[in-house]
Amino acid sequence: MAPDPLVRLQAVSKVFPGGIVGLDAVDLDIFSGEFITLLGPSGCGKTTSLRVIAGFESPSSGKVLLDGRDITALRPFDRPVNTVFQDYALFPHMNVAENVGFGLSLRKLTGAEQAKRVGEALDMVGLADKLRARVLELSGGQRQRVALARAIVCEPRVLLLDEPLSALDAHLREQMQVELKRLQSRLGTTFVMVTHDQTEALSISDRIVVMNKGRIEQIAPPATLYDRPATKFVASFIGTMNLLQSRFLGRDGERLRFAAGDLPLEAISDNGETPAAGDTRTIGVRPEDLLAAAEAADGTAPARVSGVVFHGRTLRLHAQIGQGTYIVIDAPRQAEGVQFSVGDVAHISLRRGANCPVLPG
Ligand SMILES: Nc1ncnc2c1ncn2[C@@H]1O[C@H](COP(=O)(O)OP(=O)(O)OP(=O)(O)O)[C@@H](O)[C@H]1O
């Protein structure tokens with residue numbers, strides 16, 4: 001049996017003035033100690049979800065529970081929840097220690113206790129030597145850490161992070177992702193982060209909540225989302241996925257045999273259904289699960305190459321199979337010396353053992 005959630009959103013809807021739907025009957029359980037990420041395109045309801053948990057926004061209907069207690073009507077400052085904002089919201093005229101201590105000033109702590117907590121929080125984020133530095137003297141990454149320290153110094157049960165790394169350049173961003181994950185493991189605090197960057201979500205989260213138009217499409221660990229997307233939206237939002245309309249041919253044990261035009265495919269159905277012979281389904285095929293060869297063979301289908309893009313270790317081939325179905329293939333750069341150019345015919349096949357999902361709709 002699953003443990004009781006720390007935070008539960010129960011049928012939470014949020015309708016803004018003018019009838020704009022921010023959230024549409026969202027059910028979400030967040031468990032103690034997990035790093036959960038809300039991911040989705042602009043306007044899908046990520047920030048609204050975070051603001052509802054923080055108490056900055058009250059739901060139009062539905063409930064917010066914390067440890068089983070209804071906190072829907074509780075004010076933000078009465079919730080054991082802290083937020084790290086996108087712009088950090090630091091006080092420029094205060095030094096680092098004063099910024100971090102600000103959150104504690106509402107609590108009844110002696111000066112010595114306060115200084116100790118501030119020191120510990122700054123130590124956690126690797127800024128113990130910057131106690132007296134002014135915020136304006138700090139780099140973007142250092143400001144980010146101060147904002148984190150200010151949020152963790154109050155020892156919240158839940159830390160909410162709204163695009164916390166978006167102001168950082170790509171290199172620093174990746175480094176901070178690792179640090180954020182490490183900090184979360186050390187603290188054991190529940191982190192709920194908003195991002196629209198799928199790479200960030202995949203690299204940092206225990207579970208990802210994929211949102212679309214105010215609703216949750218799927219909640220799963222990163223590898224499950226990548227390998228077993230539940231919907232076409234998730235399949236095409238996470239990484240690159242070919243969505244191929246395919247005819248059902250038959251079943252071999254667990255595996256369902258399909259064909260997209262001339263291209264034989266194998267898939268595994270998550271709901272156990274066996275389509276009728278000749279039925280069509282959408283099969284999701286990752287570019288790295290396709291092979292491209294110079295010669296035709298059993299199980300290959302010809303594809304006309306329309307683009308070749310350098311991707312480092314692989315070349316991404318853009319091609320068309322059959323009646324013009326567009327397909328993307330990631331081919332190793334030096335595979336047996338085979339190189340493709342625009343206009344070539346590549347012979348495409350599914351990699352043995354590839355686990356393609358059958359997608360509804
Ligand atoms: N205060 C508001 N008044 C009116 N509409 C709002 C308000 N806040 C959010 N919305 C609308 O609600 C929807 C969800 O917004 P939200 O900010 O949660 O999306 P998001 O996924 O965080 O997007 P982004 O990645 O762009 O920040 C959007 O259509 C948005 O325009």
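**Entry 1: Ala-11**

Does Ala-11 count as buried, exposed or partly exposed, and how many C-beta neighbours does it have inside 10 Å? I looked this up in the model, which is a predicted one. I found 13 C-beta neighbours inside 10 Å, so Ala-11 counts as partly exposed. A residue counts as exposed at 12 or fewer such neighbours and as buried at 20 or more. I placed Ala-11 in strand E1, which covers residues 7-16.

**Entry 2: the open sheet**

In what order do the six strands of the open sheet stand? I read the order as E6-E7-E8-E3-E9-E10, and the pairing is mixed. Strand E6 (81-84) and strand E10 (215-220) stand at the edges with a single partner strand each, so one side of each has no neighbour in the sheet. From one strand to the next, the twist averages 20 degrees. I recalled that strands of a sheet pair through backbone hydrogen bonds, either parallel or antiparallel.

I then went through some of the pairs. Strand E7 (residues 158-162) and strand E8 (residues 190-195) run parallel and are joined by five bridges. Within this pair, I found Phe-191 of E8 as the bridge partner of Leu-159. Strand E3 (residues 35-39) pairs with strand E9 (residues 207-212) in the parallel sense, over four bridges. Here Thr-37 stands opposite Ile-208 in E9. The pairing of E9 with E10 is antiparallel and has five bridges, with Met-211 opposite Ile-216 in E10.

I followed the chain from E9 to E10 and found a hairpin with two residues between the strands. Lys-213 in this turn has a positive phi of about 50 degrees. I also noted helix H4 (residues 140-152), which lies across E6 and E7 and runs at about 175 degrees to E6.

Where is Glu-163 found? I located Glu-163 in the loop between E7 and H5. Its phi is near 45 degrees, a positive value in a residue other than glycine. Glu-163 has 19 C-beta neighbours inside 10 Å and therefore counts as partly exposed.

I next turned to Arg-182, which has its place in helix H5 (residues 170-187). Arg-182 counts as exposed because it has 11 C-beta neighbours inside 10 Å. I also looked up its separation from Met-124: the two C-alpha atoms are 10.0 Å apart, while the residues are 58 apart along the chain.

**Entry 3: the shell around the ligand**

Which element gives the most to the shell around the ligand? I found that H1 does, with three residues. Strand E2 (20-30) and helix H1 (46-54) each supply at least two residues. Among the surrounding residues I listed Phe-16, Ile-20, Lys-46, Thr-47, Thr-48 and His-196. By class, the shell has three nonpolar residues, eight polar and one charged.

**Entry 4: the two domains**

The domain assignment gives domain 1 (7-236) and domain 2 (240-359). I recorded 39 Å between their C-alpha centres. Seven residues from domain 1 and eight residues from domain 2 take part in the contact. Helix H8 (residues 232-237) gives the largest share of the domain 1 side, three residues. The side of domain 1 that touches domain 2 has two nonpolar, two polar and three charged residues.

Notes. Residues are numbered from 1 along each chain as its sequence is written. This is a predicted model: local features need pLDDT of at least 70, side-chain atom pairs count only at pLDDT 80 or more; totals for chains, interfaces and linings use all residues. Two strands pair if DSSP finds at least two bridges between them. Axes are lines fitted to C-alpha atoms, for helices over the stretch in contact, and angles run from 0 to 180 degrees between N-to-C directions. Two residues are in contact if their C-beta atoms, placed from the backbone, lie within 7 Å. Domain bounds come from an automatic or database domain assignment. Ala, Val, Leu, Ile, Met, Phe, Trp, Tyr, Cys and Pro count as nonpolar, Asp, Glu, Lys and Arg as charged, and the others, Gly among them, as polar. A residue is near a molecule or strand if its C-beta atom, placed from the backbone, lies within 6 Å of it.
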